[in-house]
Amino acid sequence: MVSAFLIDAINDPTKVVQELYEEHTGDIDQFPAAVARHFSDVFLNSDDTLREVLPLDVNHPLESFAHRSLVRFHGMVQDTSSSPEMYLASLNENKCGGWGISQDMPASEWPSSFDYCDLKETTALWAVTVPGQTDWKTEELTSRSHCSSSSQSPPQPHKFPVPNAPHIGVQVKIYDNEAAQSLKATDVVTFIGILTSESLDSEAVSSPMVPSLHVLCHKVQSTDDASPTEELATVRDDLIKWIADEALGGDEVAAQWLVLELSAKVYTRATPLLPPSLTLSRFPSPTPSSPALPTLHHVLSDLLPQYLTVPLSLDLLNKESFSPESKDEDLHSGYLQVPHGTTLLLTENGVQEGKLVEKGIMNIRAVQEVMDAQTLEYSFPFSKFTFPTDIVTIVLCDGRKSAFFQTGFTIPLETKPSLRDNLYKPRDQIKIPDTAKLASYRSFLAAAKQCFGTVQVAEETSQHIQEDFVRQRQEDPSITADDLIHLMKVARLLAASMLEREVTVDIWETSKRLDASRRKRTP
């Protein structure tokens with residue numbers, strides 16, 4: 001049963017805010033928090049009530065809504081550097097002035113005098129469509145009703161990480177300032193608010209009109225992954241074979257390393273346990289008659305909620321931005337400004353001979369820094385700040401190693417002649433599993449990420465590893481502590497990909513064999 005509160009909020013959110021204002025008897029400074037609590041109780045306690053609110057997205061743009069409609073926007077915080085804005089919280093006749101109400105008033109209705117104590121601040125952010133959010137994840141979050149499309153270019157396109165990609169950019173105004181303080185760049189947030197169109201800079205003589213969302217309540221997307229179950233543990237071998245046959249020319253060893261890579265996430269930074277990076281080398285370039293994007297692009301898009309392909313070329317490296325940079329007090333985005341949990345596929349097949357200019361070199365350094373330390377530098381006029389990332393990076397190259405990057409693992413591809421053509425094929429030729437199986441693949445990968453952060457080494461296994469390492473050093477003095485660290489990382493990834501929370505002796509021995517098979521391929 002749909003509640004009366006829900007219907008009222010959807011039909012006329014401004015009226016509901018005014019009624020709450022009239023009923024509020026406490027400190028005026030606490031009113032925004034009271035509004036947030038009310039609308040959170042109405043909309044954020046279940047996915048069903050949340051979906052009752054129409055989404056603002058590329059299929060439901062600003063022009064498809066009436067002025068001051070209630071909408072939800074699932075987006076990524078791109079820029080938090082805007083100055084707070086002032087608004088008149090209280091108007092004549094006990095009327096509320098926040099949430100864009102005072103801006104909509106005719107000048108004749110403005111109070112001739114007011115108490116300066118009624119001037120309050122609202123936090124202003126810029127948010128964009130979640131970059132890299134895959135189609136199936138978007139469909140999972142979005143209602144299909146009320147669908148139209150926009151022919152207009154998005155405002156402030158330089159604030160979206162992927163150049164020329166369709167997206168929505170929104171000026172977000174949050175009145176509950178205490179709640180807004182915790183929001184950071186690249187956070188993924190569902191905002192519910194009143195949609196208007198306003199000047200980007202109210203103090204400027206000439207400023208573009210942009211979508212503005214006066215937030216009533218919001219919820220930061222949880223980074224928790226799915227919990228492992230016995231049923232999901234049986235999915236692993238099927239998933240590896242499907243990836244191998246459809247996207248990697250039948251190479252199940254490479255597919256297994258790919259699944260290990262997709263099982264990783266940042267677990268701790270104090271004693272770094274970070275996702276390694278992976279290169280699939282000897283990956284052939286597309287032929288003139290084949291699609292430009294590898295089949296792996298489509299396969300990963302069907303498996304992962306957050307995924308981007310960046311087809312590297314000298315032109316792209318030299319001209320586009322990978323790191324955010326502030327210009328004229330406006331934060332321009334870059335390819336690497338993406339939410340935590342994003343997987344990035346970098347293809348080097350389009351790189352031809354030529355020269356890297358300074359910007360290209362800086363872009364490569366930025367990617368390498370993400371691979372090595374999971375940090376990204378934001379540049380401002382007089383300073384630079386480093387922000388944490390959590391990005392899984394996979395590189396495809398047709399040489400024996402990446403031309404630009406030093407990755408944690410390099411796996412030369414070994415294809416079966418009968419399946420080699422599968423490396424590049426149109427999406428409609430991919431054998432997609434049925435809905436239930438595809439859902440189990442997605443849940444398996446999410447559960448593996450959850451396991452990676454909790455994998456422990458049993459005392460018995462730890463003793464076995466120490467004795468094994470001493471024995472190996474005696475047999476081969478060239479083995480170093482770095483080799484042990486490398487194998488420990490492989491063992492943790494293998495355990496996570498098996499949905500095990502403990503590295504056992506069997507997993508340790510299997511990880512050694514798996515890494516030995518990789519090294520045999522590497523020239």
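How many bridges pair strand E1 with E5, and in which sense, parallel or antiparallel? Four, and the sense is antiparallel, with E1 covering residues 69-79. Two strands pair here if DSSP finds at least two bridges between them. The element names are DSSP runs, helices being H or I with at least four residues and strands E with at least two, numbered from the N terminus.

Before I go on, the ground rules. This is a predicted model, where local features need pLDDT of at least 70 and side-chain atom pairs count only at pLDDT 80 or more, while totals for chains, interfaces and linings use all residues. Residues are numbered from 1 along each chain as its sequence is written, and side-chain values use heavy atoms, with hydrogens and water left out.

Okay, back to E5. E5 and E6, residues 169-174, run antiparallel and are joined by six bridges. Then there's E2, also antiparallel to E5, with four bridges between them. In that pairing Glu-85 sits opposite Thr-122 of E5. And E5 is mostly covered, with eight of its 11 residues buried. Buried means under 20% relative accessible area, exposed means over 50%, and partly exposed is in between, using a 1.4 Å probe and protein chains only.

For the record, a pocket is an open set of points on a 1 Å grid over the protein atoms alone, where a 1.4 Å probe fits and protein lies on both sides within 12 Å along at least five of seven lines; lining residues have an atom within 4 Å of a point. Of the 24 lining residues, the closest to the centre are Ser-82, Ser-83, Leu-200, Asp-201 and Glu-329. Which elements give two or more residues to that lining? Strand E2 (85-88) and strand E5 (119-129). E5 gives the most, with three residues.

Now the other sheet I wanted to show. It is open, with five strands in the order E10-E13-E16-E9-E17 and parallel pairing. E10 (307-311) and E17 (409-412) are at the edges with a single partner strand each, so one side of each has no neighbour in the sheet. The twist averages 20° from one strand to the next, with axes fitted as lines to C-alpha atoms and angles running from 0 to 180 degrees between N-to-C directions. Inside that sheet, E9 (residues 278-281) and E16 (residues 391-396) are joined by three bridges, and Leu-278 stands opposite Ile-394 of E16.

A quick hairpin as well: E14 and E15, with two residues between them. Six bridges join these antiparallel strands, and Ser-379 faces Lys-384 of E15.

On to the aromatics. Rings of Phe, Tyr and Trp (its six-membered ring) pair if their centres lie within 6.5 Å; planes under 30 degrees apart are stacked, over 60 edge-to-face, and the rest tilted. That gives 12 aromatic pairs. Take Phe-322 and Tyr-335: the ring centres are 5.0 Å apart and the planes are at 50°, so this pair is tilted. Phe-322 is in the loop between H11 and E11, and Tyr-335 in the loop between E12 and E13, so the pair ties together parts 13 residues apart in sequence. Phe-322 is buried at 1% relative accessibility, and Tyr-335 is buried at 8%. Elsewhere, Tyr-21, Phe-31, Tyr-87, Trp-99 and Tyr-175 form one cluster.

Two arginines lie over tryptophan faces: Arg-442 over Trp-136, at 3.9 Å from the ring centre, and Arg-518 over Trp-257, at 5.8 Å. The rule wants NZ of Lys or CZ of Arg within 6 Å of the ring centre and within 35 degrees of the ring normal.

Most residues other than glycine have a negative phi. Arg-68, however, has a positive phi near 65°; it lies in the loop between H4 and E1 and is buried at 11%. Leu-499 has a positive phi of about 60°, in the loop between H15 and E19, and is buried at 11%.
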